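Hello,

Here is the structure for your files. My notes follow below it.

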Amino acid sequence: MNVKITGIGSYIPSEIAKNEQFGNHHFYNEDGTRFGQKNDTIIAKFKAITGIDERRYIPKNLNTSDIATFAAEKAIKDSGIDKEDLDYIIVAHNYGDVKHDSAQSDTVPSIATRVKHNLKIQKPTCVAYDMLFGCPGWIESMIQANAFIKSGIAKKCLVIGAEALSRVVDPHDRDSMIYSDGAGAAVVEATDEEGGILSHFSATYAFDEAHFIYFGESNNLEIKDKRRYIKMYGRKIYEFALNRVPDAMKTCLDNSGIGIDDVKKILIHQANEKMDEAIINRFYKLYDKPTPDKIMPMSIGKLGNSSVATVPTLYDLVLNGELEGHSLNKGDVVILASVGAGMNINAIVYRV
């Protein structure tokens, strides 16, 4: 018995926010002092480092649970299963439903429960729960679904990653330009077909690294509402990812029994283009190999960083031929990898 993705779907918001839209923002440093460079310089440097030209935001009337449902509906349709046959719905997110212009996150009931309700699934033993694991949450949810199926606890699982980061960003923080909204979902099933999840690896580094990504007040200290926003120590995260992620990917690949030359694509969390490139280059150096051309599809330039949604969305785009220059065929081996708040790292070796 193997565990494979039999249906994939994603929701990419229609609202495009280009870099130029940040031209009138007032950016501040963490200590509340005004950032010294002009906005056009800030934006140009940001683009050079992250590769982001634009990002996507959800409409005011939608929340994370809504877009998670949209992606789920596509995955269920793609798989051809009866939704009532689902045994688990696992939704990876980090901030719950935050309504437009609200300062409060709403996670009761869980986002997964809301998705099950939206899908109108009646089966009580379809268990719905949330995964809070930072940006690697969708991959970690896939690892849990794999364990449920391999152990005989479940036969079919719906695994979703959804986030509306536009609702939790500080407009006075330059890092706010990184984040975006989106959702991706996969139906995962037991199958007699060859392939599926071949190996996986997860780790949490919390001794020194737990607060590299955190919730904090606005950089504009004149704001008195004490609302909290997503914050990060970018340099520390960059160094951590570069030092830890390649080794995690190598451990996962070596455990799979697949050779490095047989890897067709690496779908890595779309966090920062330069960081992702550095991670992949260092990964191939561990095998004394040059990095192959077009091994790493990137969607961050147009879609930004939508946290848990980046990897399933990227897989959907590549599998369906919607990312120019990239494709996947049955039997191809891919590595899925992510790093994020925790600090958490994980990876999966998967045969399509």
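Which residues does His-172 touch, not counting residues up to four places away in sequence? They are His-26, Phe-27, Tyr-28, Ser-218, Asn-219, Asn-220 and Ile-223, where contact means heavy atoms within 4.5 Å.

First, the ground rules. This is a predicted model, in which local features need pLDDT of at least 70 and side-chain atom pairs count only at pLDDT 80 or more, while totals for chains, interfaces and linings use all residues. Numbering runs from 1 along each chain as its sequence is written, and side-chain values use heavy atoms, with hydrogens and water left out.

Back to His-172. It is found in the loop between strand 6 (156-164) and strand 7. Helices (H or I, at least four residues) and strands (E, at least two) are DSSP runs, numbered from the N terminus. His-172 counts as buried because its relative accessibility is 15%; the cut-offs are under 20% for buried, over 50% for exposed and partly exposed in between, with a 1.4 Å probe and protein chains only. Its side chain makes a polar contact with the side chain of Asn-220, at 3.5 Å. A polar contact is a pair of N or O atoms within 3.5 Å; within protein, one must be able to donate a hydrogen and the other to accept it, and residues adjacent in sequence count only if both atoms are side-chain atoms.

Now the pockets. A pocket is an open set of points on a 1 Å grid over the protein atoms alone, with protein on both sides within 12 Å along at least five of seven lines; a cavity is a set where a 1.4 Å probe fits but cannot get out; lining residues have an atom within 4 Å of a point. A volume is the space filled by probe spheres set on the points, which are joined across faces, edges and corners.

The largest pocket has a volume of about 1,100 Å³. Its lining has 44 residues, with Asp-175, Ile-178, Met-232, Tyr-233 and Gly-234 nearest the centre. Helix 1 gives the most, 5 residues.

The second largest pocket has a volume of about 450 Å³. It is lined by 19 residues, and Tyr-57, His-100, Ser-166, Arg-167 and Val-169 are the closest to its centre.

There is 1 cavity of 30 Å³ or more. The largest cavity has a volume of about 70 Å³. Of its 13 lining residues, Asp-181, Gly-182, Leu-303, Ser-306 and Thr-313 are the closest to the centre. Strand 7 (181-191) and helix 8 (310-319) each give two or more residues to that lining.

Best wishes
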